[in-house]
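Please examine the sequence and the structure shown here.

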Amino acid sequence: MGAQQVAERFAELYGAEPEGVWAAPGRVNLIGEHTDYNDGFVMPFALPHQAVAAVSRRDDGVLRLHSEDVEGGVVELRLDALAPGTDRKWTAYPAGVVWALREAGHEVTGADVHLSSTVPTGAGLSSSAALEVVIALALNDLYDLGLQRWKLARLCQRAENVYVGAPTGIMDQTASACCEQGHALFLDTRDLSQQQIPFDLVAEGLRLLVVDTQVKHAHSGGEYGKRRAGCEKGAALLGVDALRDIPYDGLDEALARLGDEEEVIRLVRHVVTEDERVERTVALLRAGDTRAIGPVLTEGHASLRDDFRISCPELDLVVDTALAAGALGARMTGGGFGGSAIVLAEAADVDTLTKAVEEAFAAADFKTPRIFEAVPSPGARRLS
Ligand code: ADP
Ligand code: MG
């Protein structure tokens with residue numbers, strides 16, 4: 001939905017023009033999966049899909065929220081009553097951002113918000129971060145808070161971790177806040193240093209397809225916790241702060257020290273090799289060799305499937321079918337057990353690939369996947 005439409009709807013709902021309209025995108029992670037809670041590297045880029053919010057300030061301690069995409073009317077909350085864990089609905093995301101800002105000592109005295117988003121929810125494309133970041137950026141501008149992008153991302157992560165109660169790393173919010181058009185964001189999740197890496201697919205005759213399998217297997221929450229705990233155990237056994245500290249060329253030696261801890265060995269091997277894959281991807285893109293990242297993506301999928309064991313039949317089918325139909329590379333992206341996969345392909349092969357994946361899903365009696373092209377798009381910004 002465009003800025004104009006969102007502003008008009010705001011005026012209908014609240015009886016006045018908004019002070020401004022902002023946008024924040026969803027993201028897809030090119031490479032670097034399950035590395036963020038190991039202090040490692042990630043490499044997301046912003047999607048053209050975004051949350052758009054029209055916002056005005058209020059000075060009476062009231063927060064009014066409305067989403068075009070959710071049934072029900074305007075929700076009115078009192079700022080002094082905001083408390084973590086009290087809201088189980090969508091409003092917890094924007095309210096959590098206001099709470100996090102205020103808790104960090106920033107003066108926010110209220111707001112009217114109307115928003116609409118084209119980021120699919122629950123597809124591993126970070127609709128939640130888009131929602132948080134668009135609110136944070138709007139309030140940062142309107143209240144003249146002067147917070148830098150990375151800091152806004154931190155506060156949004158805090159909103160999601162503490163207020164909503166969802167354990168997520170820092171990648172999603174940083175991607176939405178900091179990505180740039182035509183680039184992927186190389187982010188070190190330990191010190192939050194970031195570099196924009198040129199990733200102009202279209203100029204090179206390439207496309208990146210996102211295949212949303214439309215499935216989310218029920219055990220995903222618990223399994224995430226188990227992987228995370230397993231990684232922490234690995235770091236403790238190896239005497240490092242985080243698995244990030246195991247150098248790639250010291251991997252064999254580290255695995256030998258883990259003895260018969262089979263489960264931990266697999267997790268450590270994924271995390272350490274995945275960090276190396278991110279670094280290899282960065283080097284290839286810097287050298288202008290975009291096609292060569294295909295096999296790196298595919299290696300990453302094998303590692304997530306065999307060592308980290310968080311893939312599922314639908315994701316494996318996307319990857320296998322795409323590769324057999326001529327894709328340069330493919331892998332699952334996001335937390336796993338469903339959600340989306342990405343496929344890197346020559347522009348000329350997109351139709352064949354799309355058809356092959358759709359047919360394979362029909363033949364397997366899986367839900368029809370949602371397939372779209374992802375162009376590296378701008379991060380959060382003010383629209384009007
Ligand atoms: P993901 O971030 O992968 O899409 P999450 O479970 O983290 O999935 O976040 C999805 C939740 O974010 C939704 O259930 C809803 O509460 C909230 N959300 C996302 N987009 C919107 C929207 N347009 N309007 C209202 N709530 C939204
Ligand atoms: Mg999310």
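In this predicted model, strand β9, which spans residues 206-216, gives the most to the lining of the largest cavity, contributing three residues. The complete lining consists of Leu201, Val202, Leu206, Arg207, Leu208, Glu373, Ala374, Val375 and Pro376. Sorted by class, these comprise seven nonpolar residues and two charged residues, with no polar residue.

The wider organisation of the chain may be considered next. The domain assignment divides the chain into domain 1, covering residues 3-196, and domain 2, covering residues 201-373. The centres of domain 1 and domain 2, taken over C-alpha atoms, are separated by 26 Å. To the contact between them, domain 1 brings 29 residues and domain 2 brings 40 residues. About 2800 Å² of area is buried between domain 1 and domain 2, and carbon and sulfur atoms give 63% of this area.

Charged pairs are also found at this interface. Three salt bridges are identified across the interface of domain 1 and domain 2. A salt bridge in the model links Asp245 with Arg190, where the closest N and O atoms are 2.7 Å apart.

The open space remains to be described. The largest pocket contains about 1100 Å³ of space. Its lining is made up of 47 residues, among which Gly124, Ser128, Glu160, Thr168 and Asp172 lie nearest the centre of the pocket.

Several secondary-structure elements take part in this lining. At least two residues of the lining of the largest pocket come from each of the strands β6 (110-117) and β11 (338-346), and likewise from each of the helices α3 (127-142), α4 (149-164), α5 (171-178) and α6 (220-238). By class, the lining of the largest pocket has 22 polar, 18 nonpolar and seven charged residues. The lining of the largest cavity, by contrast, has no polar residues.

Technical notes
Residues numbered from 1 in each chain as written. Chains lettered and ligands numbered in written order. Predicted model: local features only at pLDDT ≥ 70, side-chain atom pairs only at ≥ 80, totals over all residues. Heavy atoms only, no water. 1 Å grid on protein atoms, 1.4 Å probe; cavity = no way out; pocket = protein on both sides within 12 Å on 5 of 7 lines; lining within 4 Å. Helix = DSSP H or I, 4+ residues; strand = E, 2+ residues; numbered from the N terminus. Nonpolar A, V, L, I, M, F, W, Y, C, P; charged D, E, K, R; others polar. Domains from an automatic or database assignment. Contact = heavy atoms within 4.5 Å. Buried area = accessible area lost by both parts, 1.4 Å probe. Salt bridge = Lys/Arg side-chain N within 4 Å of Asp/Glu carboxyl O. Points joined across faces, edges and corners; volume = space filled by probe spheres on them.
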